[in-house]
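These are my notebook entries on a single protein chain. I looked up its sheet, its helix packing and a few individual residues.

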Amino acid sequence: MSELILVTGAAGGAQGSTGRRITALLLEKGIPVRAFVHKLDARSDALRELGAEVVRGDLLDRDSVRASLRGIKRAYFTYSVTDGLLEATTIFAMAAREAETELVVNNSQFQGASKAPSFRNMQHGLADRIFDWAEVGAVHLHAPPYYENVRALVRKSVAEQSTVFLPWGDGSATIPLVGAEDVSRVAATLLAASATPSSSEYDLIAATPTVQEIVDTLSATLQRPIQYVGITDEQWTEAMRDRINPHALDHLSHLWRYFRSDEGWRGERLGEEARRVTDTIRTVTGSHAQTLEDFFRANAREFESVTAAT
């Protein structure tokens with residue numbers, strides 16, 4: 001596979017940065033990449049240095065999306081956790097259909113719940129259908145929260161107080177997780193393969209630890225005691241209000257309720273194949289999924305106090 005591939009979100013963001021990772025993985029394979037970025041800065045300069053063709057655009061601007069897809073047969077679509085997902089999906093799907101794009105790897109969220117855990121999760125389900133209706137060879141990566149999300153949520157309090165403060169209940173709730181590294185490897189593998197993907201949906205669940213197991217794993221990795229303190233939804237919302245946008249805050253707040261609720265994940269997961277750890281990452285990439293322990297070990301410095309790190 002040597003045709004030019006379009007990768008959106010290529011500059012990367014504050015969390016998983018799958019677009020940036022996929023760009024690097026494809027370029028390492030010698031596959032040319034058109035890197036779609038929102039603005040030109042040091043991150044886009046770094047992409048050019050890697051060998052990517054950088055284009056500036058806005059996924060909510062139809063003209064820039066159409067221009068970016070010109071001559072593109074394969075593309076990766078991702079959209080940050082903020083307003084505009086359905087509009088961006090529709091614009092991209094229409095432009096991909098016009099360009100006769102043959103494969104769109106869509107970064108989605110896990111599906112299959114009897115009721116969508118959050119408004120954002122429902123939007124992803126609708127976005128999947130939009131891509132399907134556009135007939136652009138869409139492949140949906142259904143992923144739970146990333147390890148990187150956990151890191152972002154707890155690193156400050158762990159570094160300063162050796163404590164995790166989250167509204168995750170009494171510690172027995174199960175939180176499905178996956179690393180952005182593995183989501184990116186799956187996407188890059190599918191985009192680079194000469195054959196058409198064997199499925200239109202891939203469930204990417206690398207781990208299903210309980211809250212207490214997450215904290216215990218972090219404690220063992222850092223080799224110091226870390227405690228979990230369950231807080232209320234209201235306390236967490238107030239603490240996070242100035243740190244993330246309202247759309248993301250609403251999504252995560254509903255997601256935490258779903259995971260800890262007997263009417264949500266805890267009640268639905270038993271007996272359902274889609275709710276268990278999947279072997280998709282190994283099957284697609286040929287390598288085992290990154291474990292939570294591996295992730296914490298690789299990011300151990302993120303959880304150090306300023307005093308300890310200096």
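This is a predicted model: local features need pLDDT of at least 70, side-chain atom pairs count only at pLDDT 80 or more; totals for chains, interfaces and linings use all residues.

**Entry 1**

I looked up the strand order and found an open sheet of 7 strands, arranged S3-S2-S1-S4-S5-S6-S8. The pairing in this sheet is parallel. I then checked the edges, which are formed by strand S3 (53–56) and strand S8 (201–203), each pairing on one side only. From one strand to the next, the twist averages 20 degrees.

Strand S6 (residues 138–143) runs parallel to S8 and is joined to it by 3 bridges. For His142, I recorded Asp203 in S8 as the bridge partner.

**Entry 1: helices on the sheet**

Which strands does H1 lie across? I listed strand S1 (5–7), strand S2 (33–37), strand S4 (74–77) and strand S5 (103–109). The direction of H1 is at about 155 degrees to S1.

I turned next to H5, which also packs on the sheet, where it touches S4, S5, S6 and S8. Its direction makes about 165 degrees with that of S5.

**Entry 2: Leu25 in H1**

I selected Leu25, which is placed in helix H1 (residues 18–28).

I then asked which residues Leu25 is in contact with, leaving aside its neighbours within four places in sequence. They are Ser184, Arg185 and Ala188. I also looked up Ala187, which is 162 residues from Leu25 along the chain; the C-alpha atoms of the two are separated by 9.7 Å.

**Entry 3: H4 against H5**

I took the pair formed by helix H4 (residues 85–98) and helix H5 (residues 119–134). Their axes are 9 Å apart, and the packing angle is about 10 degrees. Angles under 35 degrees count as roughly parallel, and H4 and H5 are therefore roughly parallel to each other. I recorded their crossing as right-handed.

On the H4 side, the residues that meet H5 include Leu85, Leu86, Phe92 and Arg97. On the H5 side, I noted Arg120, Leu126, Ile130 and Trp133 among them. The residues of this contact divide into 10 nonpolar, 4 polar and 2 charged.

**Entry 4: H9 against H10**

H9 passes H10 in a right-handed crossing.

I wrote down Asp233, Trp236, Thr237 and Met240 as the H9 residues in this contact. In H10 they meet Leu249, Leu252, Ser253, Trp256, Arg257 and Arg260. By class, the contact holds 5 nonpolar, 2 polar and 3 charged residues.

**Entry 5: positive phi**

Most residues other than glycine have a negative phi. I therefore noted residues that depart from this general rule.

Glu135 has a phi near 55 degrees. I located Glu135 in the loop between H5 and S6. Glu135 is exposed, its relative accessible area being 61%.

Ser162 likewise has a positive phi, of about 55 degrees, and is not a glycine. I placed Ser162 in the loop between helix H6 (147–161) and strand S7 (163–166).

Key. Residues are numbered from 1 along each chain as its sequence is written. Side-chain values use heavy atoms; hydrogens and water are left out. Axes are lines fitted to C-alpha atoms, for helices over the stretch in contact, and angles run from 0 to 180 degrees between N-to-C directions. Helices (H or I, at least four residues) and strands (E, at least two) are DSSP runs, numbered from the N terminus. Angles under 35 degrees count as roughly parallel, over 145 as roughly antiparallel, 65 to 115 as roughly perpendicular and the rest as oblique. A crossing is left-handed if the near helix is turned anticlockwise from the far one by less than a right angle, and right-handed if clockwise. Contact means heavy atoms within 4.5 Å. Ala, Val, Leu, Ile, Met, Phe, Trp, Tyr, Cys and Pro count as nonpolar, Asp, Glu, Lys and Arg as charged, and the others, Gly among them, as polar. Two strands pair if DSSP finds at least two bridges between them. Buried means under 20% relative accessible area, exposed over 50%, partly exposed in between (1.4 Å probe, protein chains only).
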